[in-house]
Amino acid sequence: MPRRLTGFTPSGDLHLGNYFGAIAPIIAQQSTTDTVVFISDLHALTLDHDPALVRQRTLEFATLLLAAGTDPESCLFLVQSHVPEHTELHYLLECTTGYGEAQRMIQFKEKSSRQQQVRMSLLTYPILMAADILLYDTDEVPVGEDQRQHVELARTVAQRFNTRYAPVFTVPTTVNPPVAARLMDLTSPTDKMSKSAASPGGALRLLDAPDVLRRKVMRAVTDADNTVAYEPDRKPGVSNLLAILAACTHGDPKELATRFNRYGELKEAVADAVVTTLTPVRDRYLRLSEDPGHVQKALRAGAERARDLATAKIRRAKEAIGLLPV
């Protein structure tokens, strides 16, 4: 059974694209795939942040994942910082990674160009991501295009360590996320739906109330004419609405387009489908959030299980790289 790892950085708000691109596949596969799900809170520290908000979102993300159907009995479910072996392996892998390899990461170039003061952690976080992956002998990592380069770095570092020192690490492969992961911003349909959307109306957030979801859909940008057709290049607005409807109903966007004559009809159908999909998740979240101790207990249990795996891996890595055992 292959082991598959998915992480969620607690910055911004989880939205419908995250749900279909990452959360729904976890729920569907956790009983047949060896699954690791973690909240990568350390990655949230690479940019300027509010400490209280990072803690709040870490618990919020964990609660939402449980509300969506993540089963701590079927998968390994944890918070990254609760397992100190992540950072211990991070340093060992830094000793196996070249400065130029880290500096060439596209995300580092893009994010650092927007910062007056660039944190060292922004440069090295792809190596921490490699540690996240390699610590658990991960076989498969579902990632979008923006993270593919980081998994390639993890592969390179694992192969180098295995060759130079000892065969300690499983070399991971990337897995393409579902097409539904490419849901676009409702107010700017040529941009991907984002956890940190510039416009609050652009993302359908998992914790939005039903009336808010409906209002966002009804105000979504469409196109100049009133023809309903799935043509993403020529009609990005209406095509995005069809993609959302297809994701919610497990349909085909081109076939769905034939059912509507006007944008208003399409928007009503999309709003209904989105509300039907997300309201049960939000309702379960509200119930679970009344008992944060239950969520924290699940996270503690996950960290204990994770450390059983991680401690053995760190021991092997330290011995291979030349450190004296205790």
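These are my notes on what I looked up in this predicted model.

**Ground rules.** I number residues from 1 along each chain as its sequence is written, and side-chain values use heavy atoms, with hydrogens and water left out.

**Entry 1, strand β1.** I started with β1, residues 3–8. Strands here are DSSP runs of E with at least two residues, helices are runs of H or I with at least four residues, and both are numbered from the N terminus. Five of the six residues of β1 are buried, so the strand is largely enclosed by the rest of the structure. Buried means under 20% relative accessible area, exposed means over 50%, and partly exposed is in between (1.4 Å probe, protein chains only).

I then looked for the pairing of β1 and found six bridges to β2, residues 34–39, with the two strands running parallel. Pairing requires at least two DSSP bridges between the strands. Arg3 has Asp34 in β2 as its bridge partner. With helix α1, residues 16–29, the two strands form a right-handed β-α-β unit. Right-handed means that, with the strands pointing away from the viewer, the path from the first strand over the helix to the second runs clockwise.

Leaving out residues up to four places away in sequence, I find Phe161 touching Thr96, Ala166, Val168, Phe169, Ala317, Ala320 and Ile321. Contact means heavy atoms within 4.5 Å.

Domain 1 covers 4–180 + 292–321 and domain 2 covers 210–287, with bounds from an automatic or database domain assignment. Their C-alpha centres are 32 Å apart. Nine residues of domain 1 contact nine residues of domain 2.

I noted a buried area of about 810 Å² between them, 82% of it from carbon and sulfur atoms. Buried area is the accessible area (1.4 Å probe) that two parts lose on being put together, summed over both. On the domain 1 side, Leu16, Phe20 and Ala67 supply 55% of the area buried against domain 2, more than any other three residues.

Conventions. Predicted model: local features only at pLDDT ≥ 70, side-chain atom pairs only at ≥ 80, totals over all residues.
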